[in-house]
Amino acid sequence: MPDRPTLPRLRAAVQECRGCELYRDATQGVMGDGDPDADLVLLGEQPGDQEDRAGAPFVGPAGHVLDDALADAGIAPERVFRTNVVKHFRWSGTREKRRIHHSPKQQHVAACRPWLDAELRLLRPQGVVLLGGTAGKALYGASFKVGECRGRRLAWPEDRPVDAPPAWVLATTHPSAVLRARDQRQETYDGLVADLRLAVGWLSR
Ligand code: URA
């Protein structure tokens, strides 16, 4: 971890991270991306196949869903900073040349915590949107369920000290759930958009 972190320094330093074994099979570490002055941080799980190659979060299929949902919620892309709980892609095996994603384990989330904390200390966002269960569990513990907390303003967890804690946290579905939902794709997408609308409404201008 750099002595005096900045976002570019974190991006460089994460390439040397050996806090867990995930670096071995990943192309690179992927820190967050977006406006450093963003009011809103969108927190996903981990980079996927395309993010691992590109070195940027949410540039693959789930990222396209997220882009559409942000646009439909009336959120300008420059108002958000996108990042992930885990900075290296966890995968094993391939299907049609795509590497198959495996959700990170608790030990990977714990090992990556200093990187996320460092980003949040620098960004000092007003609000954080948790995209899916991994992000929720990373902040609130293993029993966290998105479905039980959706649509509510959650307080920043006390065991996660930052100088300027976000005023609220909102949990919603991960955009990849829209891609996986066969029968209820539109409904799942509409739910994501509705939650993002709530989030933007909570931002003070
Ligand atoms: N899914 C995530 O959670 N993060 C990404 O960056 C891409 C897909």
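1. Basis. The model is predicted, so local features need pLDDT of at least 70 and side-chain atom pairs count only at pLDDT 80 or more, while totals for chains, interfaces and linings use all residues. Residues are numbered from 1 along each chain as its sequence is written, and side-chain values use heavy atoms, with hydrogens and water left out.

2. Largest pocket. Its volume is about 760 Å³. A pocket is an open set of points on a 1 Å grid over the protein atoms alone, where a 1.4 Å probe fits, with protein on both sides within 12 Å along at least five of seven lines. The volume is the space filled by probe spheres set on the points, which are joined across faces, edges and corners.

3. Its lining. The largest pocket has 27 lining residues, each with an atom within 4 Å of a point. Nearest its centre lie Gly 48, Ala 62, His 101, Ser 176 and Arg 180. Two or more residues come from each of helix 2 (49-54), helix 3 (61-72), strand 5 (98-101), helix 5 (133-140) and helix 7 (175-180). Helices (H or I, at least four residues) and strands (E, at least two) are DSSP runs, numbered from the N terminus. Strand 5 gives the most, with 4 residues.

4. Second largest pocket. This one holds about 230 Å³. Of its 14 lining residues, Gln 106, Val 109, Lys 137, Ala 138 and Gly 141 are the closest to its centre. Helix 4 (106-123) and helix 5 each give two or more residues. Helix 5 gives the most, with 5.

5. Helix 3. Its 12 residues reach 17 Å from first C-alpha to last, close to the 16 Å expected (1.5 Å times one less than the number of residues). Ala 62, Gly 63, Val 65, Leu 66, Ala 69 and Leu 70 are buried (under 20% relative accessible area, 1.4 Å probe, protein chains only). Seen down the helix axis, the buried residues of helix 3 fall within an arc of 155°, so they line one face; the arc is that of the directions from the axis to the C-beta atoms. Just after helix 3, Gly 74 takes a positive phi of about 75°.

6. Helix 8 (185-202). The 18 residues of helix 8 should span 26 Å, and its end C-alpha atoms are 26 Å apart, which agrees. Its buried residues include Tyr 189, Leu 192, Asp 195 and Val 200. The buried residues of helix 8 pack against strand 2, helix 3, strand 6, strand 7 (168-172) and helix 7 (contact: heavy atoms within 4.5 Å).

Definitions and conventions:
Buried < 20%, exposed > 50% of the residue type's maximum accessible area, 1.4 Å probe, protein only.
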